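Hello,

Here is the structure I promised to pass on. Please open it first, then read the notes below.

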Amino acid sequence: MLALLVAGAALFAFSRDVADPARVGLALRVGADSLTVDSLRRAAPDDLGAVDAALVAAARLEGEPAVWLGQERVPLHPDVVPFYRARDLRLVWTDPASRDTVLHALRLADHDALDASAFRTGAMTAIARAIDARDPRQDLPTADTVRADLDLALTDALLRYAEQLAGSRTDPVALYGAMAQDARSPRDVPAELGRALVHADTLGAWLGTLAPPHDGYRGLRAALVRQLDGTGPDTLSAALLRLNMERWRWLPRELGTRHVMVNVPSYHLWVRDGGRDVFDMPVVVGQPGRWQTPAFTDTMETIVFSPEWIMPASIQRESYGYVRPGHTQAPGPRNPMGRAKFLFPNDQAIYIHDTNSRWGFSRAYRALSHGCVRASAPEEFAA
């Protein structure tokens, strides 16, 4: 007797509603409890007898839950099974408008620097069209199995797409170590999707919240779209655009109404207030390698005028070959901190400060510091 995997057997009262072939198709793919084919036949012989062969062939699972798109076996995202169990194993994409809203978003994933082909939109679109064209008066039980596979595959693709667009594709700390910070707030994508499944409009609105809301990201996205459709300049690298869009996904969604942005590669600082630039200045940043300015975000708390300079141990070691605890330099014209320093406490001892070495600001290449950001106009910045 061949055993099949069926989810939540205790939940199945073998009613006519439960015996819908598409729902059984879901159960066979995300299940955990075993029932025999004979049991399914006895439960609803009229509905299920004709689909036994298709269900058995498609639903024998080895390892993680999976579905079939044509001839391709697609392992499911870990959150797919609990998502459907929470919905009592009911189909998600019964509304064609909602289904097509998701397929459209997935087809445009390249515009957000994601790999659209990884979401298998071509195969799912073809299957969806075939299901839509099906004559409901005909007895095509195998189509119900395909419908279950499509429903699961679309949910799987959407969860992966949403997580990647929201920033979970890469770990900046794993990539860059101390040079990076992961400032994203975790998102419960399955729960958000569950709340968005009201109709196509609410689903579309939720999809619009996934990408970073910042103007910098939107500008890069627009530039990437132009590169993809062949209307962008030859000098602009699509790969570089994608890399920087991914970096934007690592930032907090809320930067504050007033915030400071240091663009390290361009050696420039901006102050934005209420969505517009109110101040900018050239800066000097850290040397590549050991003294590179790290990428992170924090809250600026203090401005210190006429600061002392507490020489970091790393600089003492480089300059003198030894470390003298508490080595400080008094305020004055020879102090490397200049007239002011701007503090946002962090574990890497990075801050923005004035400098007594003004010559660096006149150079095109300004990666010259030991990691801190030197301000060319500290008094205006403080104001």
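Start with the contacts. Take those in the protein chain with a separation of 6 or more: 65% of them join residues 24 or more positions apart. Please keep in mind that this is a predicted model.

Now the overall make-up. The protein chain has 15 helices and 14 strands. It runs to 383 residues, and 43% of these are buried. The accessible surface of the chain is about 19700 Å². Carbon and sulfur atoms hold 54% of that surface.

Next, two backbone details. Most residues other than glycine have a negative phi. Two residues here are worth a look on that point.

Ala-113 has a positive phi, near 65 degrees, and is not a glycine. Look for Ala-113 in the loop that links helix H6 (96-107) to helix H7 (121-132). Is Ala-113 buried or exposed? Its relative accessibility is 5%, and buried means under 20%, so Ala-113 counts as buried.

Ser-306 is the other one. Its phi is also positive, near 50 degrees, again in a residue other than glycine. Ser-306 sits between two strands, in the loop from strand E8 (302-305) to strand E9 (309-310). How does Ser-306 stand in terms of accessible area? The relative accessible area of Ser-306 is 48%, so this residue is partly exposed.

To recap the pair: Ala-113 is buried, whereas Ser-306 is partly exposed. Each lies in a loop, Ala-113 between two helices and Ser-306 between two strands.

Best wishes

Technical notes. Residues numbered from 1 in each chain as written. Predicted model: local features only at pLDDT ≥ 70, side-chain atom pairs only at ≥ 80, totals over all residues. Heavy atoms only, no water. Helix = DSSP H or I, 4+ residues; strand = E, 2+ residues; numbered from the N terminus. Buried < 20%, exposed > 50% of the residue type's maximum accessible area, 1.4 Å probe, protein only. Contact = heavy atoms within 4.5 Å. Areas by Shrake-Rupley, 256 points an atom, 1.4 Å probe, with all protein chains shown as cover.
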